[in-house]
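My notes follow in the order I looked things up.

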Amino acid sequence: MNNLDLSNLSRRNFIAVAGSAVAAVAFAPRCLFAQNKGIVPTMIDDAAKATIKRYPLRRNISVLEGSGGNIGVLTGKNGKLLVDSGFTVSKLRILEALNSLSSDPITQLLNTHWHTDHTDGNAWVHAAGAKITAHVNTQKHLSTSTRVEGWNWTFPPAPTGAIPTVVFDKEHRLQHNGTNIRMKYYGPAHTDSDVSVVFEEADIIHVGDTWWNGIYPFIDYSTGGSIDGMIGATEHNLRVVTDKTIIIPGHGPIGNKAGLTDYRDMLTTIRNNVAALKKQGKSLSETVAAKPTAAYDAKYGQFLINPGFFTALVYSGV
Ligand SMILES: [Zn+2]
């Protein structure tokens with residue numbers, strides 16, 4: 001994030017802020033966040049209240065929605081394979097949803113990237129029996145204290161059991177429940193740890209947080225993300241899907257190529273609008289005031305990342 005936005009914010013660590021709504025309200029950049037209390041507490045509170053919705057997709061693959069990022073589930077005799085683990089506050093309701101799919105134990109967990117709304121549940125999923133696979137940078141960020149400026153939050157190292165033990169750099173393949181699974185690194189995009197997960201026979205791809213379907217995405221510059229990286233990852237996604245592919249976004253409803261194309265157009269249009277304003281010498285606040293996202297706000301501006309915040313994220317990268 002640009003120093004302009006966050007220069008007056010105290011750098012409190014996770015322990016100091018956790019459980020203290022007052023501190024969170026006092027230090028969140030209110031003008032930028034959709035909710036006054038800050039993004040991380042908002043996400044955890046939402047997960048604590050949410051019902052977990054279950055959507056069967058194709059073959060033996062389903063998705064669970066309601067606790068942080070969308071959780072992909074592949075069932076079968078080798079045990080359940082999960083893509084991402086949501087927030088720990090939702091453990092009992094996630095287990096209930098998983099048990100309603102089948103009685104197989106959980107044996108594999110794949111992480112799309114390191115962010116807490118996709119990995120907070122890693123420890124309990126591992127304790128339940130899962131081996132964890134991810135990009136090497138997910139292992140790196142979960143192993144140490146990691147600051148996310150855009151969330152005004154510092155995460156402590158994750159517990160040992162939460163840290164992926166099978167890691168890769170470019171690509172990783174596995175076979176599970178008769179399904180060929182391919183994990184592929186995007187390069188720096190939303191973070192520097194994003195991977196896609198393809199279920200080949202079912203023609204389903206989980207694209208993690210490179211796609212927030214119908215909502216402005218967060219971009220984590222603190223750990224290697226950028227607007228141009230997001231656009232590059234989205235172009236990659238568009239190249240590898242067809243009109244028949246089921247696309248699981250990191251956040252938002254299950255989507256398809258048409259929705260992903262609209263999202264790519266939104267990203268590139270706003271990127272170009274913001275870059276033009278910045279080139280004219282406009283400050284961040286002048287750029288936000290010029291409303292470079294206006295054409296998309298009714299459709300994309302209704303979730304965690306409001307138009308001003310998204311403009312600031314794009315401004316940081318052009
Ligand atoms: Zn994320």
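Helices (H or I, at least four residues) and strands (E, at least two) are DSSP runs, numbered from the N terminus.

I also reminded myself that this is a predicted model, where local features need pLDDT of at least 70, side-chain atom pairs count only at pLDDT 80 or more, and totals for chains, interfaces and linings use all residues. Residues are numbered from 1 along each chain as its sequence is written, and side-chain values use heavy atoms, with hydrogens and water left out.

**Overview**

I counted 13 helices and 14 strands in the protein. Of its 318 residues, 54% are buried. I then checked contacts, meaning heavy atoms within 4.5 Å. Among those with a separation of 6 or more, 66% are between residues 24 or more positions apart.

**Strand β6 and its partners**

I started with β6 (residues 131-135): four of its five residues are buried, so the strand is largely enclosed by the rest of the structure. For pairing I used the rule that DSSP must find at least two bridges between two strands. Strand β5 (residues 106-110) runs parallel to β6, and three bridges join them. Here I found Lys 131 of β6 as the bridge partner of Gln 108. Strand β9 (residues 166-168) is also parallel to β6, again with three bridges. In that pairing Thr 133 stands opposite Val 166 of β9.

Next I looked at β3 (residues 71-74). Ile 71 and Val 73 point one way, Gly 72 and Leu 74 the other, and all are buried. I noted the general rule alongside: in a regular strand the side chains alternate between the two faces of the sheet.

Strand β2 (residues 61-65) is joined to β3 by four bridges, and the two run antiparallel. Ser 62 has Val 73 of β3 as its bridge partner. The β2 and β3 hairpin has five residues between the strands, and Gly 66 in it takes a positive phi near 140 degrees.

β3 also pairs with β4 (residues 80-83), antiparallel and over three bridges. There Gly 72 stands opposite Val 83. This hairpin, too, has five residues between its strands, and Gly 76 takes a positive phi near 150 degrees.

**The zinc site**

Which residues coordinate the zinc ion? I listed His 113 (NE2), His 115 (ND1), His 190 (NE2) and Asp 209 (OD), at 2.2 Å. Donors here are N, O and S atoms within 2.8 Å of the metal (3.2 Å for Na, K and Ca); water is not among the atoms, so sites may look incomplete. Along the chain the donors follow the spacing H-x1-H-x74-H-x18-D. Both His 113 and His 115 are buried.

I then looked at Gly 208, which is in the loop between β13 (204-206) and α9 (227-240). At 1% relative accessibility, Gly 208 counts as buried. Beyond its neighbours within four places in sequence, Gly 208 is in contact with Thr 112, Ile 248, Pro 249 and Gly 250. Its C-alpha atom is 7.9 Å from that of His 251, a residue 43 positions away along the chain.

**Aromatic pairs**

My rule for Phe, Tyr and Trp (its six-membered ring) was ring centres within 6.5 Å, with planes under 30 degrees apart counted as stacked, over 60 as edge-to-face and the rest as tilted. The structure holds nine such pairs. One of them is Trp 114 with Phe 155, edge-to-face at 5.7 Å centre to centre and 85 degrees between the planes. Trp 114 is in the loop between β5 and α6 (116-119) and Phe 155 in strand β8 (residues 153-155), 41 residues apart. Both Trp 114 and Phe 155 are buried.

Tyr 216 and Phe 310 have ring centres 4.7 Å apart and planes at 5 degrees, so I logged this pair as stacked. Tyr 216 lies in the loop between β13 and α9 and Phe 310 in helix α13 (residues 307-315), so the pair ties together parts 94 residues apart in sequence. Tyr 216 and Phe 310 are both buried.

Last, I noted one aromatic cluster formed by Trp 114, Trp 151, Phe 155, Phe 218 and Phe 309.

Technical notes
Buried means under 20% relative accessible area, exposed over 50%, partly exposed in between (1.4 Å probe, protein chains only).
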